[in-house]
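Hi everyone, thanks for coming. Let me put the structure up on the screen, and then I'll walk you through a few spots in it.

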Amino acid sequence: MRLDKFLKVSRIIKRRTVANEACDSSYVSVNGRPAKASYDVKVGDIITVRFGSRTTDFRVKSVSEHTTKADASSMYETAE
């Protein structure tokens with residue numbers, strides 16, 4: 001699954017266009033490297049998202065094309 005779609009489906013970022021812009025602006029990195037929106041997300045990847053002055057790491061637990069709002073948070077865990 002594309003990185004921008006994963007960020008939207010997992011509800012880390014609410015809109016796919018915003019996720020796409022965040023990737024283009026280097027606010028998103030995967031496994032320590034800046035990632036494009038077209039990056040193919042795999043289980044075990046560490047996605048780092050910079051929200052203003054705050055940085056959050058997410059470890060991908062599962063990748064599914066469709067998910068409910070209640071199940072979205074089960075797609076990742078916050079990495080520490």
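Predicted model: local features only at pLDDT ≥ 70, side-chain atom pairs only at ≥ 80, totals over all residues.

Residues are numbered from 1 along each chain as its sequence is written, and side-chain values use heavy atoms, with hydrogens and water left out.

Most residues other than glycine have a negative phi. Arg 11 has a positive one, near 65 degrees. You'll find Arg 11 in the loop between helix H1 (3–9) and helix H2 (16–24); helices are DSSP runs of H or I with at least four residues, and strands are runs of E with at least two, numbered from the N terminus.

Asn 31 is not a glycine either, and its phi is positive at about 55 degrees. Asn 31 sits in the loop between strand S1 (28–30) and strand S2 (33–34).

Now, which side chain does Asp 45 join in a polar contact of 3.1 Å? That partner is Asn 31. A polar contact is a pair of N or O atoms within 3.5 Å; within protein, one must be able to donate a hydrogen and the other to accept it, and residues adjacent in sequence count only if both atoms are side-chain atoms. The Asp 45 side chain also reaches the backbone nitrogen of Lys 42, at 2.9 Å. Asp 45 itself lies in the loop between S2 and strand S3 (46–51).
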